[in-house]
Amino acid sequence: MKRIEFLKAPMDIATMEETVSFIESRIEKKQFLQHVVVNVAKIVNMQKDPVLADSVRACDLINIDGMGVVFGARFLGHDVPERVAGVDLFHELLAMSARRDFPVFLLGATEEIVSKTVEVVKAQNPNLNIAGYHDGYFFGNKEGDDEEAVVNKIRESGAKLLFVAITSPKKENFINKWQDKLGVDFVMGVGGTFDVVAGKVNRAPLWMQNAGLEWLYRVMQEPGRMWKRYLMTNSKFLFLLIKNKIAS
């Protein structure tokens, strides 16, 4: 597994199979592994958010999620075989956990979405041990509920794997802040994955995923909320690519 630097963002060159095997090996050895995926938006935001950049750099494994990053890295001369999409890795790791009897904890989204996600993944993996779950609205918004209380709940659950479905950069910073107290062997931020699993949001067709057009599918689903976000981040990403190509 090779680590490269792309637009000031570190990332590991690995296939899905290599990624799952590496994570399984670390869990077997009880060696803590902090995982993150990077996409176009995260790379753009890292340029201006040093806390997010530090949280990403602190991770032991950094996978390339978006096809935009794959195409961009290849454009600048890096040999990237494939992307490792967070939602696909989530399913692969659940299947591995069910096979190895590794307990997991799901954290994030609304109470309705996370409980539906538990229901769906248990149906897909009957042998999966769900050690616990909790919604993602605990940052001072609920009476008697806070970050440390949730961290204690995760640690006391006995989970080996923790999946955090909270928006960026909040999830990266939460994981980096509490990693030593979570009591798990593996932690991964999965963004909006629970929304997809629970059926609230549809994934783009496979041809759009492979063409790097998932962002366009999101805009088509929620044009009022998404068009400006993707216009800004994609434009900034393209500018960074061209600037670095000229400088190289």
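Select A109 to begin: at 14% relative accessibility it counts as buried, because the cut-off for buried is under 20%. This is a predicted model, so treat each stop as a place to look at backbone geometry in that model. A109 sits in the loop between β5 (104-108) and α6 (111-124). Check its backbone: phi is about 60°, a positive value although A109 is not a glycine. For context, most residues other than glycine have a negative phi.

Next, jump to K8, in the loop between β1 (2-6) and β2 (9-13). Phi of K8 is also positive, near 70°. Is K8 buried or exposed? K8 is exposed, with a relative accessible area of 64%.

Now select residues 86-100, which make up helix α5. Colour the buried residues of α5: G86, V87, L89, F90, L93, L94, M96, S97 and A98. As you turn the helix, remember that an α-helix has 3.6 residues a turn, so residues three or four places apart point the same way.

Step just past the end of α5 to D101, where phi is positive again, at about 60°.

For the last stop, pick S168 and P169 together. Which kind of peptide bond joins S168 to P169? The bond is cis, with omega near 5°. In general, most peptide bonds are trans. P169 belongs to the loop between β7 (161-165) and α8 (170-178).

How values were computed: Residues are numbered from 1 along each chain as its sequence is written. This is a predicted model: local features need pLDDT of at least 70, side-chain atom pairs count only at pLDDT 80 or more; totals for chains, interfaces and linings use all residues. Side-chain values use heavy atoms; hydrogens and water are left out. Helices (H or I, at least four residues) and strands (E, at least two) are DSSP runs, numbered from the N terminus. Buried means under 20% relative accessible area, exposed over 50%, partly exposed in between (1.4 Å probe, protein chains only). The expected span of a helix is 1.5 Å times one less than its number of residues.
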